Amino acid sequence: MIKRILKNKLGLSGLLIVLFISSLALLAPFITKYEPISLNIEEALLPPGPEHLLGTDSLGRDLFSRIAYGARISLSVGFVAVGIAVVIGIILGSIAGFFGGIIDAVIMRFTDIMLCFPSFFLILSLVALLAKPSIYLIMVIIGLTSWMGPARLIRAEILSLKEENFILALKILKIPTPAIILKHLIPNALSPVLVNATLGIASAILVESSLSFLGLGVQPPTPSWGNILMEAKSTLGVAWWITFFPGLCILITVLGFNLLGEAIREELK
Amino acid sequence: MVPLLIGISFISFLVIHLAPGSPVSVSLFNPKISLEAREKLNKLYGLDKPVHIQYFNWLKNILKFDFGYSLVDGRKVSSKILERLPVTLTINILSLLIIFFTAIPLGLYSGWRKGSFFDRFTTIFVFIGFATPSFWLALLSMQFLGVKLGWFPISGITSIDFEYFPWYKKVLDFLWHISLPVLVASFGSLAGLSRYSREKFLEVLDKEYIRTAFAKGLPSSQIIYKHALKPVFLPVITILGLSVPGLLGGSVIFETIFSIPGMGRLFYEGVMMRDYPLIMGLLVIGAFLTLLGNFLADLAYIWADPRIKYSK
């Protein structure tokens, strides 16, 4: 499948973008000249140039360093949040799909109810419960509010799979139920979740940056793309680069995961 | 729908009861709250009673549209929300109209000219539109259209001398102030919906009855307007109904950026001040508006497609 995605033009560009941002995040300490949080008031608000590749902010911090370290935050929030959502989705979806009946009805009604809340409202309410939002709590909150898609997909897959002959055969062979679910049903039901998870990373990154932008996510001085943009508000009209580059990074990263997700979807058809 | 509403209220109640400390003890630390308001709170929440009784009391109150009192200023939550609702609804309805009247033609045309330069261009635009963070777009448009060029105001919904304007100028002034927010709010969904209508249109064009119509030599304008458009509109209407939660979530962001006194900014202020009754009220109303959007989409669907019966 990977080979075919590489042949798909959009998929290939998506993969390249994801690889690019990932290496930016991984190599951040090696490719940056300045510490992301080291202040230097004498060099405040410098436009992009050879010394500071993307310029500096109002406290003289190097924007390129901050963006590179911010990539670590965005990507880890994306992956961990989606990981949590997928695990919850797999557990609830497979239980609902396999056992059916009242268990299924209860789980699916709960899913419907969760889908009724505007997800950003729900996330903000949960953030409001915390004394101080930390990056780990943000990951958990985004995960806890986005498992509904994966749960529905897994359930639908398992509903159709459990009628297949090979599952029937396993049941006749008296293979224990947990083994059937874990070893045979879930692995076969995962492919549509892969698409959902890839697109989910993109939206988790958007949510995290929106939260940090509102001051309710990753707290300064730890740089995240969202809180760099929050601080950019005060230099609006003076320093275009502080607004432009972090947002562009969010756009490119989200674009990359979306393109990759679409390409996987095409391939699975 | 009723079980859903009960579930929504139950979860909202649960979320707020996870809050550290009771609503009243929070207010004890807030010197701005009068003794009288605190007594009101105590009575309202009946905190001496067991949790399930508290829940039923709260449920009874929200059925009467009573969400209790704000912890910040002691005012009724319901009246705080009601005075903020019109602005948010106006902006969201305007952006829905813009989305509807630009996304569908865009999608249809690029579907009709599949593979053309226009189609490839809109495809790229759609992917970029999907990926653009709305608050970044808001900042950029503030920076260039607002600060640099000075075409649009960048905060508030009225000018300083608004009160002295004749009524028509008041309307124009209001529209001028909300034009950037409306544009920003519509941009994201625009991409999604145009993509969706393009795909649906391509699906319909591939149907046998459409191919028959082409084969027997009907003019293409007649085929499109008479036969191909309606089946495209149906799913698009549903998507519009389903976009309500996204729009409401977006309201929080752009109302905060553009300092618009709407529901979204009220939510943001509530979260910042940890004003739990207000948050709880807005959560319930947001979920209710989402349900309403789904319901209206269903109604439109039934109206547009007589094959669907409501009993389904």
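**Questions about a predicted model**

Q: Where in chain B is F65(B) found?
A: Happy to start here, and please keep in mind that this model is predicted. In the secondary structure of chain B, F65(B) is found in the loop between α4 (51-63) and α5.

Q: Is F65(B) buried, partly exposed or exposed?
A: The relative accessible area of F65(B) is 35%. A residue is buried under 20% and exposed over 50%. The value for F65(B) lies between those limits, so the class is partly exposed.

Q: What is the phi of F65(B)?
A: Most residues other than glycine have a negative phi. F65(B) is not a glycine, yet its phi is positive. The value is near 60°.

Q: Which loop of chain B holds R274(B), a residue with a positive phi?
A: R274(B) is not a glycine, and its phi is positive at about 55°. To find R274(B) in the structure, look in the loop between α12 (263-273) and α13 of chain B.

Q: Is the peptide bond from P220(A) to P221(A) cis or trans?
A: Now over to chain A, where P221(A) sits in the loop between α11 (191-213) and α12 (225-232). Most peptide bonds are trans. For the bond from P220(A) to P221(A), omega is near 15°, and the bond is cis.

Q: What percentage of the residues in chain A is buried?
A: The C-alpha atoms of chain A fill a box of roughly 75 × 45 × 25 Å along the principal axes. Of the contacts in chain A with a separation of 6 or more, 70% join residues 24 or more positions apart. Among the 269 residues of chain A, the buried share is 53%.

Q: What percentage of the residues in chain B is buried?
A: Chain B has 13 helices and zero strands. Its residues 24 or more positions apart supply 70% of the contacts with a separation of 6 or more. Of the 312 residues in chain B, the buried part is 48%.

Q: At roughly what angle do the axes of helix α5 and helix α11 of chain B cross?
A: Helix α5 covers residues 77-112 of chain B, and helix α11 covers residues 244-257. Their crossing is right-handed. The axes come within 11 Å, and the angle is roughly 115°.

Q: How many nonpolar residues does the contact of α5(B) with α11(B) have?
A: From α5(B), the contact uses T88(B), I91(B), N92(B) and L96(B). L247(B), L248(B), S251(B), F254(B) and E255(B) come from α11(B). Sorted by class, three are polar, one is charged, and the nonpolar residues number five.

Q: Which residues have the most contacts inside the largest nonpolar core?
A: This core has 142 residues. Helix α4 (residues 63-99) of chain A gives the most to the core, with 15 residues. The core also draws at least three residues from each of domain 1 (2-63) and domain 2 (81-304) of chain B. The residues with the most contacts inside the core are L211(A) and M263(B).

Q: How many residues are in the second, separate core?
A: The members of this second core include I99(B), L205(B), I210(B) and A228(B). The core is separate, and its residue count is 18.

Q: Is W303(B) buried or exposed?
A: You can find W303(B) in helix α13 (residues 276-304) of chain B. L234(B) is 69 residues away in sequence, and the C-alpha atoms of the pair are 9.8 Å apart. The relative accessibility of W303(B) is 72%, which is over 50%, so the residue counts as exposed.

Q: What separates the C-alpha atoms of T102(B) and L190(B)?
A: T102(B) lies in helix α5 of chain B, and its relative accessibility of 35% makes it partly exposed. T102(B) and L190(B) are 88 residues apart along the chain.

Q: Is Q54(B) buried or exposed?
A: Q54(B) lies in helix α4 of chain B. Its C-alpha atom is separated by 43 Å from that of L183(B), 129 residues apart along the chain. The relative accessibility of Q54(B) is 7%, which is under 20%, so the residue is buried.

Notes:
Residues numbered from 1 in each chain as written. Chains lettered and ligands numbered in written order. Predicted model: local features only at pLDDT ≥ 70, side-chain atom pairs only at ≥ 80, totals over all residues. Heavy atoms only, no water. Axes fitted to C-alpha atoms, helices over the stretch in contact; angles between N-to-C directions. Helix = DSSP H or I, 4+ residues; strand = E, 2+ residues; numbered from the N terminus. Left-handed = near helix turned anticlockwise from the far one by under 90°. Contact = heavy atoms within 4.5 Å. Nonpolar A, V, L, I, M, F, W, Y, C, P; charged D, E, K, R; others polar. Core = buried A, V, L, I, M, F, W, Y, C linked by side-chain atoms within 4.5 Å. Buried < 20%, exposed > 50% of the residue type's maximum accessible area, 1.4 Å probe, protein only. Domains from an automatic or database assignment.
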